[in-house]
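This report describes selected features of one structure, shown below.

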Amino acid sequence: MTTLIQNGTIVTSERTFAGDIRIEGEKIHEIGPGLPAAPADHILDASGMLVLPGGVDVHTHLDLPFGGTVSSDDFETGTRAAAFGGTTTIVDFAVQARGMKMRQALDTWWKKAEGRASIDYGLHMIVTDLPEAGLEDMDAMVAEGVASFKLFMAYPGVLMVDDATIFKALSRTAGNGALICMHAENGGVIDVIIRRALAEGKTAPIYHAMTRPPTAEAEAVHRAIAMAEIAGTPVYIVHLSSEEALNQVREARDRGLPVFAETCPQYLLLSVEELARPGFEGAKYVFTPPLREKHHLAALWEGLRQDHLQVVSTDHCPFCFADQKALGKDDFTKIPNGGPGIENRLQLLFHHGVNEGRFSLNRFVELVATTPARIFGLYPRKGTIEPGGDADLVIWDPDAEHLISAQTHHMRVDYSMFEGFRVKGNARTVLSRGEVIVDRGQWLGRAGRGAFLKRSARGGAWK
Ligand SMILES: [Zn+2]
């Protein structure tokens, strides 16, 4: 099967140019001006459109058990929603619970994805239990293409690991080339503040934010970086949310350390006031780290512009308001942590980043596709447009007006964090490995067509 995408404006992280793309089977075969129409089984006219590499979202939580419930999108509904928004690759998280072997966690997550995912997916491994004898299990995971591990400095008693464990894991990557991803918040301190708040009868959603100060994030980011520096390895900070934490990353990078960080659309566009909405409405915005005061937003945008931050992911972890967020009606600590966003990342970043003049189209592609693919060992198969790479492509209409709403979104969740946001620019046609899976709002993909991606160790963070 041969497909020709004609007359589009091709955008990569480096160039913007007029050209056609010939796809043979699942791969990009040729790129150039005026490629001949024959022989092609399909011709897609991209006149007036941008042609982007498919988005790569390296932080999603589909079908995740958390706080007595399970995130409401599974691999079928979540990957379909991702595709509607122009994302064609995700890296989700398998969770090694205490007392469980990593191998068992990987098998569990493969089963969740199998027969359901409609776009390609990789997995990170969340490690909660790492005895001395478990370190070689990390190497086995890397051999399976699970080339990154996430460790938590927060959620004591559930996910948090101590500094010795973090340091051992970091040190192990010097040999196996994996990348350690850190959830950086000082869980011990936060826990004490939370207990105090509850003792004072402070149970509303806003106290979720009030009990997790930015300094607790900055301290943990600093500590994570220091441990990586001692171990002589790169480190990647997930969902960075505050100016103080950003300053830690910037300072480390200025010193030449291989430190990388992502932020998410919610930290760029929403602030702590959302949690103070009347009634229990604020629960829709309960996730960690929490939303911050307004002044942090501008700092994070500037961080993206100046490359102190390298990636925008979503941390998509949806819970329905009616019956899941409600678990914390009388106690904010029982509200499942997470929010939906897998479908809206490109729309929001294109509109608020490119249209509003904060960065270039090429930087946009770099943030949502190229750099995440590079850092997580998927490049150049994913994240760019070049011969030999997978034909994961988005024909993007830069003039399409779109109103973000739970009424029309494809995520399986009963609210949108960005309800009422009007954006200009949206995915028109989405191809995954040469196959059109979304076209003008129509779903043409199928559950189970997505493949597990074995990711390489020593990705971009190690260069
Ligand atoms: Zn997460």
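Are α3 and α4 roughly parallel or oblique to each other? The axes of helix α3 (residues 135-143) and helix α4 come within 10 Å and cross at roughly 45°. The two helices, α3 and α4, are therefore oblique to each other.

The model is a predicted one, in which local features need pLDDT of at least 70 and side-chain atom pairs count only at pLDDT 80 or more, while totals for chains, interfaces and linings use all residues. Residues are numbered from 1 along each chain as its sequence is written, and side-chain values use heavy atoms, with hydrogens and water left out.

**Helix packing**

Helices (H or I, at least four residues) and strands (E, at least two) are DSSP runs numbered from the N terminus. Axes are lines fitted to C-alpha atoms, for helices over the stretch in contact, and angles run from 0 to 180 degrees between N-to-C directions. Angles under 35 degrees count as roughly parallel, over 145 as roughly antiparallel, 65 to 115 as roughly perpendicular and the rest as oblique. A crossing is right-handed if the near helix is turned clockwise from the far one by less than a right angle, and left-handed if anticlockwise.

| Helix pair | Axes come within | Crossing angle |
|---|---|---|
| α3 and α4 | 10 Å | roughly 45° |
| α4 and α7 | 9 Å | roughly 45° |
| α7 and α8 | 7 Å | roughly 20° |

Residues L135, E136, M138, D139 and V142 of α3 are in contact (heavy atoms within 4.5 Å) with K168, A169, R172, T173 and N176 of α4. By class, the contact of α3 with α4 has 4 nonpolar, 2 polar and 4 charged residues. Here Ala, Val, Leu, Ile, Met, Phe, Trp, Tyr, Cys and Pro count as nonpolar, Asp, Glu, Lys and Arg as charged, and the others, Gly among them, as polar.

Helix α4 (residues 163-176) also meets helix α7 (residues 214-231), with axes that come within 9 Å and cross at roughly 45°. That angle makes α4 oblique to α7. The crossing of α4 past α7 is right-handed. On the α4 side the contact is made by D163, I166, F167, L170 and S171, and on the α7 side by R223, A224, M227, A228, I230 and A231. The contact of α4 with α7 comprises 8 nonpolar, 1 polar and 2 charged residues.

Helix α7 in turn packs against helix α8 (residues 243-254), and their axes cross at roughly 20°. The helices α7 and α8 are therefore roughly parallel to each other. Their crossing, too, is right-handed. From α7, the residues P214, E217, A218, V221, H222 and I225 meet E244, A245, Q248, V249 and A252 from α8. This contact of α7 with α8 divides into 7 nonpolar, 2 polar and 2 charged residues.

H59, in strand β6 (residues 55-60), and D315, in the loop between β15 (311-312) and α11 (345-355), are 256 residues apart and link distant parts of the chain. H59 is buried, with a relative accessible area of 0%, and D315 is buried at 11%. Buried means under 20% relative accessible area, exposed over 50%, and partly exposed in between (1.4 Å probe, protein chains only).

**Helix α11**

Of the 11 residues of α11, 10 are buried, so the helix is largely enclosed by the rest of the structure. Among the buried residues are L346, L348, L349, F350 and V354. G357, which follows α11, has a positive phi near 75°.

**Backbone geometry**

Most residues other than glycine have a negative phi, and most peptide bonds are trans. A cis peptide bond joins A38 and P39, with omega about -5°, and P39 lies in the loop between β3 (27-32) and β4 (42-45). Another cis bond joins Y379 and P380, with omega about 5°; P380 is in the loop between α12 (361-375) and β16 (393-403).

H239 is not a glycine but has a positive phi of about 30°. This residue, H239, is found in the loop between β13 (235-237) and α8 and counts as buried at 2% relative accessibility. R458 has a positive phi near 50°, lies in the segment after β19 (442-443), and is partly exposed, with a relative accessible area of 35%.
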